[in-house]
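Trainee: I would like to learn how to read a fold and its charged side chains. Where do we start?

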Amino acid sequence: MIEQAKKILRENPYTCVFVKDDWCFTSIDRGVAPLLQCLEQNNVPSGFCAADKVVGKAAAFLYVLLKVDTLYTDVISEPALIVLKKYNIKVEAGEVVKAIRNRTDTGYCPMETAVWEIDNPEEALEAIIKQRELLRKAPAE
């Protein structure tokens, strides 16, 4: 299943792909948005495989809550790798980086920063939702 998810990710403009048996979810949304959407809608079967362009610590916690079995990512942060291994999630990564950078490359990703000191998935979810609201209210740069 992970090979199928990787193939779909590589051959299409998706940011993430989830696969289990004959079920498939794809998204072109960036960041943690598709993961939060799946959590909020509770529409993902546990034990799925995922392929994702970039996984930071925030996304890693969301994948734990979504009960992913195996994850492939092009880029993963060291803290995300630690989270996934702690929860026995199989991970393949193209590149491991110290931390995920923000979209303007002027610092670290705000979601990564929001969960940097957190070790619990439920606490991380609260911090991610809070950070999402702060980002929505922030003036555009």
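Mentor: Start with the elements. Helices (H or I, at least four residues) and strands (E, at least two) are DSSP runs, numbered from the N terminus. The protein has 6 helices and 5 strands. This is a predicted model, in which local features need pLDDT of at least 70, side-chain atom pairs count only at pLDDT 80 or more, and totals for chains, interfaces and linings use all residues. Residues are numbered from 1 along each chain as its sequence is written, and side-chain values use heavy atoms, with hydrogens and water left out.

Trainee: In what order do the elements of the protein run from the N terminus on?

Mentor: The order is α-β-β-α-β-α-β-α-β-α-α.

Trainee: What radius of gyration would a compact globule with 141 residues have?

Mentor: The rule is 2.2 Å times the number of residues to the power 0.38, with the radius taken over C-alpha atoms. For 141 residues that gives a value near 14 Å; the protein has 14 Å, which agrees. The C-alpha trace spans about 40 × 30 × 30 Å along its principal axes.

Trainee: How many of the residues, in percent, count as buried?

Mentor: Buried means under 20% relative accessible area, exposed over 50%, and partly exposed in between (1.4 Å probe, protein chains only). Here 45% of the 141 residues are buried.

Trainee: How many salt bridges does a search of the whole structure find?

Mentor: A salt bridge is a side-chain nitrogen of Lys or Arg within 4 Å of a carboxyl oxygen of Asp or Glu. The search finds 8. One of them pairs Lys-7 with Glu-11, at 2.9 Å from N to O. Both residues lie in helix H1 (residues 2–11), 4 residues apart, about one turn of the helix. Lys-7 is partly exposed, at 47% relative accessible area, and Glu-11 is exposed, at 53%.

Trainee: Which residues do salt bridges with shared partners join into one network?

Mentor: Take Glu-133 as the way in. Glu-133 bridges Arg-132, with the closest N and O atoms 4.0 Å apart. Glu-133 is partly exposed, at 32% relative accessibility, while Arg-132 is buried, at 17%. Glu-133 also bridges Arg-136, here with the closest N and O atoms 3.2 Å apart. Glu-133 and Arg-136 are separated by about one helical turn, because they are 3 residues apart in helix H6 (residues 121–137). Arg-136 counts as exposed, at 56% relative accessibility. Shared partners join Glu-40, Arg-132, Glu-133 and Arg-136 into one network.
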